[in-house]
Amino acid sequence: LRKLGKVGQIKIVKHKGHLKDLKQLKSDLEDKILALDPDSFDWDLDALSAKDLPGVKAIMTSSTSFDWLKPQVLKKAGIVACNVPGFSLDAAAEYAVAMAIEVSRRLPMVIKNGWKANPETTKPVLLKDKIAGIVGLGRIGKRMAEICQGIGMKVIYWSRKSKDNRFKKVKLDELFKTADVIMPALVENAETKKIITKKLFDSMKNSVILVGINRVKAIWDEDYILEKVKKGEIAGYAMEGDNAKKPSAYEGNVWAVPPIAWYTQESLDNLMKIWVDNMIAFAKGKPQ
């Protein structure tokens, strides 16, 4: 607040609902930046309403995910959209690999068996020497790959643009056919929603483990995956999200956790710094 106060006036608004419900902003004619918490809008901004609020020059989310802002709609209205990239990449990557380990050790099955390992249903395996398939090699995907390599996994990846010679780049269909653990780290948009198909799922080994963090259910068909686990067609699934239930609610080796992959003290510090720096940069006419 002290840093922001040096470049402009600060108004803190407690809100839950739609952008159009922010009545106090309709009478405020000054140029402004809206810094939004996505939870306040249930991760679905009524972006068209922004044009009815006078003076809005930029909308800045406190999240890495930015699809919920509908940035193309805002752009047409002359409003800049800005996210907080990479603030939790270490936390998210560590959490994803931890989820993979928990499923490979059949922890959901152990829990459902009264905290006892059953040789018939809980056959744990090591991830060491297995093949990790990373879908998308952005900030989080690259960190996932590094951690997987660090525990002795062979890393293959598919990415539309990114390259890294430390890991083997393959075609997407080869990744799904050969990987023992598959972890997507894709930005959610219209293009990525079409990338992971049922045909790719059907090509996987029956020993494969899938790991989905963040808003991955928007990128692949989670119900289809859960059905495959139920039928024993794949070894397991680790999922993170608001829809996660207790392990007992799922059939088979399904590990469901709340959406806290990003949540560490270091991530919170990074988030606040980048968010505030974004606002200051825009206020000084140098948006980043």
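**View 1. Helix α10 gives the largest share of the lining of the largest pocket, six residues.** This is a predicted model, and the view looks in on its largest pocket, which holds about 1100 Å³ of space. There are 31 lining residues, and the ones closest to the pocket's centre are Ile10, Lys11, Ile33, Leu34 and Ala35. Two elements each give two or more residues to that lining: β1 (32-36) and α10 (265-283).

**View 2. Helices α4 and α6 cross at roughly 50 degrees.** α4 covers residues 89-104 and α6 covers residues 139-150, and their axes come within 8 Å. As for handedness, α4 passes α6 in a right-handed crossing.

**View 3. A closer look at who touches whom between α4 and α6.** From α4, the contact takes in Leu89, Asp90, Ala92, Ala93, Glu94, Ala96 and Val97. On the α6 side sit Arg139, Ile140, Arg143, Met144, Ile147 and Cys148. Sort the contact by class and you get nine nonpolar residues, four charged and no polar ones.

How values were computed
Residues numbered from 1 in each chain as written. Predicted model: local features only at pLDDT ≥ 70, side-chain atom pairs only at ≥ 80, totals over all residues. Heavy atoms only, no water. 1 Å grid on protein atoms, 1.4 Å probe; cavity = no way out; pocket = protein on both sides within 12 Å on 5 of 7 lines; lining within 4 Å. Points joined across faces, edges and corners; volume = space filled by probe spheres on them. Helix = DSSP H or I, 4+ residues; strand = E, 2+ residues; numbered from the N terminus. Axes fitted to C-alpha atoms, helices over the stretch in contact; angles between N-to-C directions. Left-handed = near helix turned anticlockwise from the far one by under 90°. Contact = heavy atoms within 4.5 Å. Nonpolar A, V, L, I, M, F, W, Y, C, P; charged D, E, K, R; others polar.
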